[in-house]
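Subject: Structure for your review

Dear colleague,

Please find below the structure that I am handing over to you. My notes on it follow directly after.

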Amino acid sequence: MARHRNVRALDVDEEYDDFHSCYGHSVEDDFCISPRTEAQFLYNRNSRTQMNAYFETPESVPEEETSGEESLNTSVNSISTSELSSLDRAKLQSCVIALQDVVGDTIPEEKLQKAAIDHDFNLEEALDAILQDKAPKPQHSEQTKQVQKEVIGDSASAANKKIDEKNDSIKVNETYKDQIVSLSTSENLSANEKTEELKSSTVKTTRNEKSGKELYSSERANEKPLINLVVIGHVDAGKSTLMGHLLYDIGNVSQRNMHKFERDSKKLGKGSFMYAWVLDETPEERNRGITMDVAFNNFVTTHRTVTLLDAPGHKDFIPNMITGAAQADVAVLVVDSTRGEFETGFEAGGQTREHTMLIRSLGVTELAVAVNKMDNVGWDEGRFKDIKTKMSSFLKQVGFKENDVKFVPCSGLTGENLVKGPAEPTLKSWYSGPTLVEVIDNFQPPERPIDKPFRLCVSDVFKGISGGFCAAGKIEAGFIKSGDKVLVMPAGEQAVAKGISVDERPLSYGFAGDHVMLQLSGVDVNNISSGSMLCSLDKPVKVTSRFEARLVIFNLSVPITKGFPVILHYQSLSEQACVKKLVSQLSRSTGEVIKKKPRCLNKNSSAVVEIEVNRPICIELYNEFKDLGRFMLRSGGSTIAAGLVTNIK
């Protein structure tokens with residue numbers, strides 16, 4: 001019995017599923033394999049009938065004749081679908097969509113695909129070739145000729161008016177009007193002028209005839225300028241308490257919530273942390289008493305709308321701090337004025353120096369230094385001046401200008417000099433400068449690259465409330481409107497932005513500088529993650545695993561040599577990489593080449609190197625996108641270099 005199945009517990013219905021489906025009809029009805037008569041079954045060898053006469057042969061169906069144009073279209077389709085990469089297919093699709101916006105449906109899509117492929121997805125050249133090959137032919141040729149003669153004789157506005165008057169008799173597409181004008185006046189234009197005219201008309205068509213700055217002016221005319229503020233400093237300097245108390249004094253935190261934070265913090269024996277709990281929301285952060293991830297909040301001052309990023313100060317969470325600093329325009333550096341604590345964070349290898357160098361390397365130029373916990377030193381003016389002298393000298397070496405740095409004495413626990421002016425008599429006797437909020441209110445917002453191609457660095461992906469999933473991040477360049485198609489890189493998939501929201505407030509447009517949440521559809525959630533980038537279809541972001549960069553090297557314990565392993569921090573992405581090649585060593589002051597192909601790089605030097613990443617990443621050149629051309633290198637738990645992308649392999 002061991003060789004046979006145990007059939008005692010066999011489920012017959014499951015084992016012989018569909019077995020009874022043949023009951024009630026003959027098998028012959030389905031298969032027709034049995035002969036119906038004796039004559040069909042027997043074969044007479046004496047007859048001259050061939051054996052194949054007993055088998056019915058289906059009538060041959062004549063093949064349809066295909067023209068040369070259709071065969072060409074078929075070959076184009078096969079080329080576009082089989083031989084192109086995923087990135088090229090995305091370029092092809094975006095180019096064809098832009099061409100269809102200009103020429104309409106009169107020209108087959110296959111011809112548009114062929115023109116796009118022949119001209120390497122160059123929209124202007126492909127459009128020029130299509131228009132020269134086949135100009136639009138309106139239905140009423142005589143009336144159209146009359147209109148064209150009038151266009152040659154009159155201005156473009158008069159031609160448009162004439163066409164509008166004859167609109168009932170001449171059914172010409174709006175796109176054809178522009179083409180008729182351009183064709184009729186092309187005799188008087190040079191080739192360069194024609195290209196510029198086609199380019200501008202295409203941009204107007206794809207962007208609703210408005211540039212990014214014009215849309216920004218119309219959409220945000222009544223809103224205050226936006227600045228992204230990051231709060232940095234050594235661990236236990238009081239960053240979260242300082243900003244939590246500031247938010248409470250401004251009115252962003254209700255009295256009820258503040259009472260709840262005070263009660264819960266006292267239960268844990270941490271009553272002084274009640275203001276920090278405004279930003280530290282996770283249970284682990286509250287139990288440990290430190291910030292572990294970047295906390296987001298928003299508040300409004302007299303002249304500014306501020307997006308607050310509270311970065312962690314512990315050395316174990318420096319990668320999270322880099323993520324927050326990469327999204328910031330300005331910064332508040334919090335230092336502890338308590339005797340011994342400032343020296344620990346600033347002079348003994350603490351995070352004050354490292355954080356300051358990081359934000360300067362990531363493009364922050366304006367800084368407010370909040371000298372916190374001044375109540376612990378009795379509001380001593382001498383202590384404040386001593387800290388200011390040491391910090392000013394260091395900040396000047398890092399690259400901050402004297403006029404771009406402001407020092408503010410304050411106390412996060414008591415709320416002194418945060419929103420309201422000094423009330424403490426000792427402080428009031430020697431300080432008459434601005435409060436911390438006034439310094440933040442005077443920060444200058446940077447110029448946003450709104451007219452550049454759309455770029456959004458994804459920092460988080462989560463499930464949306466109304467179904468689907470959302471991607472959160474900062475728009476680094478360009479703008480996006482609800483319903484726009486975007487490209488998810490490096491996956492190379494196309495998605496649709498069904499909704500845009502900022503701070504749970506729905507918007508119709510998102511512009512460079514905004515921290516937005518996009519509700520996406522048409523893309524697999526597994527193909528988008530933190531570190532991915534959303535970009536425009538016509539000008540996608542560059543994807544590579546090897547690039548050339550200019551480095552500024554900080555303090556090193558081991559010199560950098562060829563093959564040196566590092567951790568690359570770029571926006572919200574952290575990837576393993578290595579220094580593949582040492583191209584040249586540069587003078588740190590002049591930038592001139594000192595030595596080509598150096599054997600190693602020591603601390604406080606500058607060099608051009610090639611960096612290779614373990615997998616392809618999205619990256620941009622510094623001279624094209626400044627904020628997207630910066631990165632940091634870390635090794636052994638410390639930051640060793642800052643870099644600018646100069647060439648992509």
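A cavity is, on a 1 Å grid over the protein atoms alone, a set of points where a 1.4 Å probe fits but cannot get out, and lining residues have an atom within 4 Å of a point. The model is predicted: local features need pLDDT of at least 70, side-chain atom pairs count only at pLDDT 80 or more, and totals for chains, interfaces and linings use all residues. Residues are numbered from 1 along each chain as its sequence is written, and side-chain values use heavy atoms, with hydrogens and water left out.

The largest cavity is lined by His234, Val235, Asp236, Ala237, Val335, Asp336, Glu341, Phe342, Gly345 and Thr352. Its space is about 70 Å³. Helix H17 (341-346) and strand S4 each supply at least two lining residues, with H17 giving the largest share, three residues. Helices (H or I, at least four residues) and strands (E, at least two) are DSSP runs, numbered from the N terminus.

Leucine 367 has contacts (heavy atoms within 4.5 Å) with residues including Ala331, Val332, Leu333, Phe400 and Phe443.

Methionine 489 and proline 490 are joined by a cis peptide bond, with omega about 10°; proline 490 sits in the loop between strand S10 (485-489) and strand S11 (493-502). Lysine 373, in the loop between strand S5 (366-372) and helix H19 (381-398), has a positive phi near 60°. Glutamine 571, in the loop between strand S17 (564-570) and strand S18 (573-586), has a positive phi near 55°. Buried means under 20% relative accessible area, exposed over 50%, partly exposed in between (1.4 Å probe, protein chains only). Lysine 373 is therefore partly exposed at 24%, whereas glutamine 571 is buried at 8%.

Finally, a word on confidence. The protein averages a pLDDT (the predictor's confidence in each residue, from 0 to 100) of 76, and 73% of the residues score at least 70. Residues 15-33 stay under 50, with five contacts beyond four places in sequence. Where pLDDT is low, the predicted coordinates should not be read in detail.

Yours sincerely

Terms used: On a 1 Å grid over the protein atoms alone, a cavity is a set of points where a 1.4 Å probe fits but cannot get out, and a pocket is an open set with protein on both sides within 12 Å along at least five of seven lines; lining residues have an atom within 4 Å of a point. Grid points are joined across faces, edges and corners, and a volume is the space filled by probe spheres set on the points.
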